[in-house]
Amino acid sequence: SDRVRTRQELRRSEERFRQAILNAPIPIMILAEDGEVLHLSRAWTDLTGFRADELRTTADWTRRAFGERCDEVRQIIRESFAQPDAILNGWELPVRVASGQVLVWLFSSAPLG
């Protein structure tokens, strides 16, 4: 039926989206408004050394990557969700990766929908 075909196409579309994010050549993290990490690209996990299962929430990630500045970074993330039509570009932050090395990353955020 049309309903079954529509569901199947939706599942295929969602899987293509997940694969596109997973295999993107740049680090991508997709967050839900409640702080759940929905998707991480391999580039993200490769660059940070953190496994996806270690970064289930924004709090997990910010605590590991930003230490004492984690509340400040969470506030930036909250502000980006509060402005759903805004694309926030160009905020630079030092990020601590799993090895302990600190890298400066240039962040951008944009709504998906």
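Q: How exposed is Glu-15?
A: In this predicted model, Glu-15 is partly exposed, with a relative accessible area of 34%.

Q: And which residue does Glu-15 form a salt bridge with?
A: Glu-15 pairs with Arg-18, and the closest N and O atoms of that salt bridge are 3.3 Å apart. Arg-18 is itself partly exposed, also with a relative accessible area of 34%.

Q: Where do Arg-18 and Glu-15 sit?
A: Both lie in helix α1, 3 residues apart, which is about one turn of the helix. An α-helix has 3.6 residues a turn, so residues three or four places apart point the same way.

Q: What does Asp-2 form a salt bridge with?
A: Asp-2 forms a salt bridge with Arg-5, where the closest N and O atoms are 2.5 Å apart. These two residues also belong to helix α1, which covers residues 2–22, and they too are 3 residues apart, about one turn of the helix.

Q: Asp-2: buried or exposed?
A: Asp-2 is exposed, its relative accessible area being 54%, while Arg-5 counts as partly exposed at 48%.

Q: How many salt bridges turn up in the whole structure?
A: A search of the whole structure finds 9. Among them is the one between Arg-51 and Asp-53, with the closest N and O atoms 3.0 Å apart, and Asp-53 counts as partly exposed at 42% relative accessibility. Salt bridges that share partners also join Glu-9, Arg-12 and Arg-16 into one network.

Q: Switching topic, where is Ser-41?
A: Ser-41 is found in the loop between β2 and α2, the latter being residues 42–48. Ser-41 is buried, with a relative accessible area of 0%.

Q: What lies by the polar atom of the Ser-41 side chain?
A: The backbone oxygen of Ile-26 lies 3.0 Å from a polar atom of that side chain, and the backbone nitrogen of Ile-28 lies 2.8 Å from a polar atom of the Ser-41 side chain.

Q: Which residues does Ser-41 touch, not counting those up to four places away in sequence?
A: With those set aside, Ser-41 touches Ile-21, Leu-22, Ala-24, Ile-26, Pro-27 and Ile-28.

Q: Which residues line the second largest pocket?
A: Ser-41 is one of the lining residues, and others include Leu-22, Thr-45, Ala-52, Asp-53, Leu-55 and Arg-56. The element that gives the most to this lining is β2, with 4 residues.

Q: What volume does the second largest pocket have?
A: Its volume is about 190 Å³.

Q: Now the core: how many residues has the largest nonpolar core?
A: The largest nonpolar core has 18 residues, and those with the most contacts inside it are Met-29, Trp-44, Trp-61, Phe-66 and Phe-107. At least two residues of this core come from each of β1 (29–31), β2 (37–40), α3 (58–66), α4 (70–82), β3 (88–96) and β4 (102–109).

Q: What is Met-29 in contact with, leaving aside neighbours within four places in sequence?
A: Met-29 is then in contact with Val-37, His-39, Leu-40, Trp-44 and Trp-61.

Q: Which residues of α3 are buried?
A: The buried residues of α3 are Thr-58, Asp-60, Trp-61, Thr-62, Ala-65 and Phe-66. Trp-61 and Phe-66 are also among the residues with the most contacts inside the largest nonpolar core.

Q: And what comes just after α3?
A: Just after α3 comes Gly-67, which takes a positive phi of about 50°.

Key: Residues numbered from 1 in each chain as written. Predicted model: local features only at pLDDT ≥ 70, side-chain atom pairs only at ≥ 80, totals over all residues. Heavy atoms only, no water. Core = buried A, V, L, I, M, F, W, Y, C linked by side-chain atoms within 4.5 Å. Buried < 20%, exposed > 50% of the residue type's maximum accessible area, 1.4 Å probe, protein only. Contact = heavy atoms within 4.5 Å. Polar contact = N/O pair within 3.5 Å; in protein donor to acceptor, adjacent residues only side chain to side chain. Salt bridge = Lys/Arg side-chain N within 4 Å of Asp/Glu carboxyl O. 1 Å grid on protein atoms, 1.4 Å probe; cavity = no way out; pocket = protein on both sides within 12 Å on 5 of 7 lines; lining within 4 Å. Points joined across faces, edges and corners; volume = space filled by probe spheres on them.
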